[in-house]
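Work through the exercises below with the sequence and the model open.

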Amino acid sequence: MATAGRPSRTALSLPAPSCNLAAACCFVLLVVPILLTDQQVAVAESLSIGVNYGQIASNLPSPEQVSWLLRSMRISKVKLYDADPNVLRAFLGTGVEFVVGIGNEYVPAMVSPAAAQAWLQQHVVPYLRAGARITCVTVGNEVFKQGGSNDTVLQAAVLPAMQSVHRALGALGLQGRVNVTTAHSLDIMGVSFPPSAGAFHPAALAHLQPFLGFLSATRAPFLINCYPYFAYKDDPARVPLDYVLFRPNAAGVVDARTGLRYDNMLYAQVDAVYAAIQGLGYTDVEVKVSETGWPSRGDADEPGATPEYAGTYIRNLLQRIEMKQGTPLRPATPVDVYVFALFNENLKPGPASERNYGLFYPNGTPVYNVGLHGYLPPMLVSSSTAARQTLSEMPSGMARLGMVARNRFSTTEKGGCRNQ
């Protein structure tokens with residue numbers, strides 16, 4: 001996940017809701033870096049970071065409100081775990097870039113060319129035509145997670161489904177505009193230290209060799225979900241907290257094979273993945289961090305899950321990404337990161353940490369301060385109605401969001417497991 005303004009601007013703090021709508025609107029006009037035009041609401045000077053927008057919760061704000069919140073923070077990259085039409089409609093004309101997903105339960109069906117094309121025609125094509133920016137489709141999530149369900153049918157279907165979706169994109173004239181990949185858990189790695197010795201788990205090799213061939217041929221990224229928090233949680237006595245939180249640490253970790261010094265665990269994990277990919281003969285596949293984060297609360301057996309440490313991790317990560325840093329192995333390639341997650345999600349199963357990875361509580365209050373200034377507007381009657389118009393009611397190629405935004409200034413006020 002990526003970044004925030006310049007390092008001098010980093011922090012997550014929202015203004016308190018005001019009862020005076022005019023005053024609140026004044027604040028938005030003066031402080032929030034959004035450009036309003038007659039045809040769209042666009043993100044101004046967007047940040048490098050992306051964010052995962054999960055929705056396993058019963059109390060989240062509406063997609064229209066979330067659209068304002070993200071753009072007020074200048075975040076212009078969003079990753080979904082599905083292709084929620086309400087979300088895509090709410091962001092039409094904003095310039096925000098989306099990664100949409102096909103859930104694991106639908107992956108085997110996507111092997112059928114007809115099913116893949118039908119899915120794209122329903123979930124992607126109408127929104128692209130209406131002005132959405134969809135740049136990637138993920139087919140499944142953490143399918144090869146060690147110790148997981150080990151669904152061999154699903155695992156065998158991932159690559160054929162990706163190929164089917166890719167061919168369908170070509171048939172629809174979208175090849176080269178939307179790429180296709182899948183996201184992996186870091187435990188797909190058999191060896192991750194030292195980074196230069198990185199190697200994939202033997203059980204996954206049969207799938208990964210042709211998978212990497214597909215990514216190389218289509219110039220799609222290898223997505224990896226990296227959580228240094230897990231390493232610290234499993235062995236807090238031996239894993240240095242400064243090393244996992246991006247805090248200054250004089251010694252760091254030196255890879256004896258390459259002499260490269262690592263001052264944080266995330267970059268070491270990314271370089272281990274690069275080494276594993278190169279070990280299978282591919283040097284042209286880019287690694288992107290599709291998830292990383294730190295929980296602000298956990299159970300008694302989840303050490304380090306505190307707002308202080310979560311804020312430190314995200315704040316320091318934002319600074320690194322905004323500096324366009326690369327890893328020691330790939331210093332010229334800025335690390336591309338999607339933070340997990342936008343909101344705490346109260347319906348996620350598992351330990352308490354799973355429900356507490358959010359930057360925000362569902363009411364728009366920041367869980368901790370990392371320097372990003374945002375605005376979660378109230379839900380207005382007229383804007384709620386307008387924003388829910390169907391695509392068929394919208395003028396071709398033009399979002400209604402501009403009208404909705406103007407209505408906000410004139411109408412009286414009346415939401416890991418991480419496997420989504």
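The model is predicted, local features need pLDDT of at least 70, side-chain atom pairs count only at pLDDT 80 or more, and totals for chains, interfaces and linings use all residues. Residues are numbered from 1 along each chain as its sequence is written, and side-chain values use heavy atoms, with hydrogens and water left out.

**Exercise 1. State which helices each supply at least two residues of the lining of the largest pocket, then describe that pocket.**

Step 1. Helix H8 (228–234) and helix H10 (265–279) each give at least two lining residues. Helices (H or I, at least four residues) and strands (E, at least two) are DSSP runs, numbered from the N terminus. H8 contributes four residues, the largest share of the lining.

Step 2. The volume of the largest pocket is about 590 Å³. The lining has 22 residues, and Leu 186, Ser 192, Ala 231, Met 265 and Gln 269 are the closest to the pocket centre. On a 1 Å grid over the protein atoms alone, a pocket is an open set of points where a 1.4 Å probe fits, with protein on both sides within 12 Å along at least five of seven lines; lining residues have an atom within 4 Å of a point. Grid points are joined across faces, edges and corners, and the volume is the space filled by probe spheres set on the points.

Step 3. Sorted by class, the lining holds twelve nonpolar, four polar and six charged residues. Ala, Val, Leu, Ile, Met, Phe, Trp, Tyr, Cys and Pro count as nonpolar, Asp, Glu, Lys and Arg as charged, and the others, Gly among them, as polar.

**Exercise 2. Determine how H6 and helix H7 (residues 205–218) pack.**

Step 1. The axes of H6 and H7 are 10 Å apart, at an angle of about 15°. Axes are lines fitted to C-alpha atoms, for helices over the stretch in contact, and angles run from 0 to 180 degrees between N-to-C directions.

Step 2. H6 is therefore roughly parallel to H7, a term for angles under 35 degrees.

Step 3. From H6, Gln 155, Ala 156, Leu 159, Met 162, Gln 163 and His 166 meet His 207, Pro 210, Phe 211, Phe 214, Leu 215 and Thr 218 of H7; contact means heavy atoms within 4.5 Å. By class, this contact has seven nonpolar, five polar and no charged residues.

**Exercise 3. Locate the cis peptide bond that joins Phe 193 and Pro 194, and the one that joins Phe 340 and Ala 341.**

Step 1. For Phe 193 and Pro 194, omega is about -5°. Pro 194 sits in the loop between strand S9 (189–191) and strand S10 (199–200).

Step 2. For Phe 340 and Ala 341, omega is about 5°. The loop holding Ala 341 runs between strand S15 (337–339) and strand S16 (371–373).

**Exercise 4. Where does Glu 142 lie?**

Step 1. Glu 142 is in the loop between strand S7 (133–141) and H6.

Step 2. Although Glu 142 is not a glycine, its phi is positive, about 50°.

Notes
Parallel < 35°, antiparallel > 145°, perpendicular 65-115°, else oblique.
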